[in-house]
Every structure is written in C-alpha cells, then in structure tokens.
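The sequence and structure are shown below.

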Amino acid sequence: MGIVTPSLDYEFSFGRTGRMMVDEAVASGFTATRLKEFGPTLDSKMQRAVDHAIKTVKMCDLSRRSVCTLSTGERRRVMIARAIVHRPDIFVLDEPTNGLDMVAKAEFLQILDSITRQDAMTMILVTHHLDEIPPAMNHVISLNLGRIAFDGPKVDGLTGGHISELFGMPVSVQMTRDGWFESRIDPKRL
C-alpha cells in the first residue's frame, strides 16, 4: 500500500528526514523508512522505478535537492512518488491537498488525474472537496456521522440533493465537460 497524508509530508519537512534528497525520499518508499540510513540498497530495477516515479510527479529537475528545501506542493508531489514507487495495489490519499495554494493544488490534481488514467492500482481518496475527485475515479462512498450515507457510482452520489443532505446545507453540484465536479453553497437557498 502507498499512502500520502499531510502529516507524512510534515515529517519530511525538517530534521534528518527532511535532509534526504528527493530521490532518496522516493526510494524510502520501498521500505517505508523515514531515514536514508535505513533505506533500501537500490538495484538497477529499483533505480528505474525511482526515476519513473520522480518523472511521473514532474520533479526530475529537483531530484537532488533536499526535501526540506521544497515548497509544500513540491514536497507533496515527492510523497506521491514515494507512495507509488513500489507499484502498490492500493494507493491511499488522505486530504492530500490540505495546505496547498491554488497553483500547487492544480498541479497536484493534474498528476493525480494522470495516475488514475494510467495505473491499475486501487486509489482511495479521502476528501471533503468534490473538485479534488479525478474524472477517472468512478465510485464514491459518502460518510455521515461515521455511517455510510452513499456507496455507488460517482455520478449518482455527487448530486446537489445528496451533497446538500450530507452537509446539511443547500449545495449546487455540477460536472464540468472534462469530468471534474464543481460545488458551491447556494446562497439563494440559505
């Protein structure tokens, strides 16, 4: 399993873990270590996987930089590469855009969309924001007070009626032509 969370990103933002180079941090995904001293000894196949993961998240130019010198958005992309380097069956992202500015969030979602279109891994995205759900994701589970409120096709679960009920507020939901969703609280119905 590969995991990306804001708290994991935070761990890579300082100290000995943060002093790892980007390629070392990505390689640490093979063993889920947070210090290069405990990381794997890379063979040529593993090195190709590291290089591919770094290319996937568009970090080739920064591969020899210390992780702690990167912006939050760049670090979060490193966390994606670290999570997918070993080609996991399951890829979990828990509130992955938390703390990202508009540009970093857009870049992050573009990479996420690309991964969902290419790889056969199961991706689990935990989010409160409909605009973060890539078009290729086709199934949603909505929770309300710890209980499943909806479990089914994305187009059936991401409706204004369902989301309004879920949040207890009038919400309008639209799917864009390219398959992303937009939502906003409807001030006319407050």
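The axes of α5 and helix α6 (residues 102-118) come within 9 Å and cross at roughly 15 degrees; axes are lines fitted to C-alpha atoms, for helices over the stretch in contact, with angles from 0 to 180 degrees between N-to-C directions. The two helices α5 and α6 are therefore roughly parallel to each other, a term for angles under 35 degrees. Their crossing, α5 with α6, is right-handed, that is, the near helix is turned clockwise from the far one by less than a right angle. On the α5 side the meeting residues are G73, R76, R77, I80 and I84, and on the α6 side A104, E107, F108, I111 and I115; contact means heavy atoms within 4.5 Å.

This is a predicted model, in which local features need pLDDT of at least 70 and side-chain atom pairs count only at pLDDT 80 or more, while totals for chains, interfaces and linings use all residues. Residues are numbered from 1 along each chain as its sequence is written, and side-chain values use heavy atoms, with hydrogens and water left out. Helices (H or I, at least four residues) and strands (E, at least two) are DSSP runs, numbered from the N terminus.

An open sheet is formed by 3 strands in the order β1-β2-β3, with parallel pairing; strands pair if DSSP finds at least two bridges between them. The edges are β1 (2-4) and β3 (122-126), each with a single partner strand, so one side of each has no neighbour in the sheet. On average, neighbouring strands of this sheet are turned by 10 degrees against each other, direction ignored. Helix α5 packs on the sheet and touches β1 and β2, its direction making about 165 degrees with that of β1. Between β1 and β2 (residues 90-94) there are 3 bridges, and G2 has F91 as its bridge partner in β2.

Within α5 (residues 72-84) lies R75. Its side chain reaches the backbone oxygen of L70 at 3.2 Å, a polar contact (a pair of N or O atoms within 3.5 Å, one able to donate a hydrogen and the other to accept it; residues adjacent in sequence count only if both atoms are side-chain atoms). Leaving out residues up to four places away in sequence, R75 touches D9, F12, S13, V67 and L70.

The table gives relative accessible areas; buried means under 20%, exposed over 50%, partly exposed in between (1.4 Å probe, protein chains only).

| Residue | Relative accessible area | Class |
|---|---|---|
| R75 | 9% | buried |
| R87 | 56% | exposed |
| L145 | 82% | exposed |

R87 is in the loop between α5 and β2, and its phi is near 50 degrees, a positive value in a residue other than glycine. L145 is in the loop between β4 (139-144) and β5 (147-153), with phi near 55 degrees.

Notes
Parallel < 35°, antiparallel > 145°, perpendicular 65-115°, else oblique.
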